[in-house]
Amino acid sequence: MQTGEYNDAIAILLMRTVTGILFFFQGYDKLFNVKIDNVVRTFSEPLSKFRLSSSILKPSIALSSVIEMVCGVLLFIGLGKNISLYLLAMDLIFVAFIFSSMKAMWDMQFFFPRLLLIVILLFCLPEQDLFSLDTYLGFVANSGK
């Protein structure tokens, strides 16, 4: 294997693990430190104009937090990368919708880096990610590219 191939694999490992860490701690924080009820309280008033009750908002935020935490761990270890990336992409769409509903021009300083990391990882070929459990367990599917 040539140096360039190792550099690609290391770059993907770095992006995947950093993305996993960011999402894991984001979900963990909402579930165990801030608590879902406090997050719901934060969003309830700004979203009241859309008549979203807490009976819809609370499970949505809880599911979003669980997805972030679980998929973050899976990305970190490199297991089920594609499904994790798809779920996190859907989570980002949900987050963008909620924040845009609250305020059309919202600060994307935390959102955009996560979005960029997910998009870049979705463009990477599976065979380039040498340092993942998917690769060693034989889950690398033919990318069709």
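Student: Leaving aside neighbours within four places in sequence, which residues is Ser101 in contact with?

Tutor: In this predicted model, those partners are Leu47, Lys49 and Phe50. Ser101 itself sits in helix H4, residues 81-102.

Student: Why is Ser101 called buried?

Tutor: Its relative accessible area is 13%, and buried means under 20%. The value falls under that cut-off, so Ser101 is buried.

Student: What makes the pair formed by the Ser101 side chain and the backbone oxygen of Phe97 a polar contact?

Tutor: A polar atom of the Ser101 side chain lies 2.7 Å from that oxygen, and the limit is within 3.5 Å. The pair therefore meets the distance condition for a polar contact.

Student: Now to H5. How do you know that its length is close to the expected one?

Tutor: Helix H5, residues 111-123, has 13 residues. From first C-alpha to last it reaches 19 Å, close to the 18 Å expected at 1.5 Å a residue.

Student: Which residues of H5 are buried, and why are they said to be on the same side?

Tutor: Phe111, Arg114, Leu117, Ile118 and Leu121 are buried. They cover an arc of only 140° around the axis, so they are on the same side of H5. Helix H1 (3-34) and H4 are among what covers them.

Student: And the largest pocket: which element gives the most to its lining?

Tutor: H4 does, with six residues. The lining has 19 residues, with Gln26, Lys30, Glu68, Val95 and Phe99 nearest the centre, and the pocket holds about 430 Å³ of space.

Definitions and conventions. Residues are numbered from 1 along each chain as its sequence is written. This is a predicted model: local features need pLDDT of at least 70, side-chain atom pairs count only at pLDDT 80 or more; totals for chains, interfaces and linings use all residues. Side-chain values use heavy atoms; hydrogens and water are left out. Helices (H or I, at least four residues) and strands (E, at least two) are DSSP runs, numbered from the N terminus. Buried means under 20% relative accessible area, exposed over 50%, partly exposed in between (1.4 Å probe, protein chains only). A polar contact is a pair of N or O atoms within 3.5 Å; within protein, one must be able to donate a hydrogen and the other to accept it, and residues adjacent in sequence count only if both atoms are side-chain atoms. Contact means heavy atoms within 4.5 Å. The expected span of a helix is 1.5 Å times one less than its number of residues. The arc is that of the directions from the helix axis to the C-beta atoms. On a 1 Å grid over the protein atoms alone, a cavity is a set of points where a 1.4 Å probe fits but cannot get out, and a pocket is an open set with protein on both sides within 12 Å along at least five of seven lines; lining residues have an atom within 4 Å of a point. Grid points are joined across faces, edges and corners, and a volume is the space filled by probe spheres set on the points.
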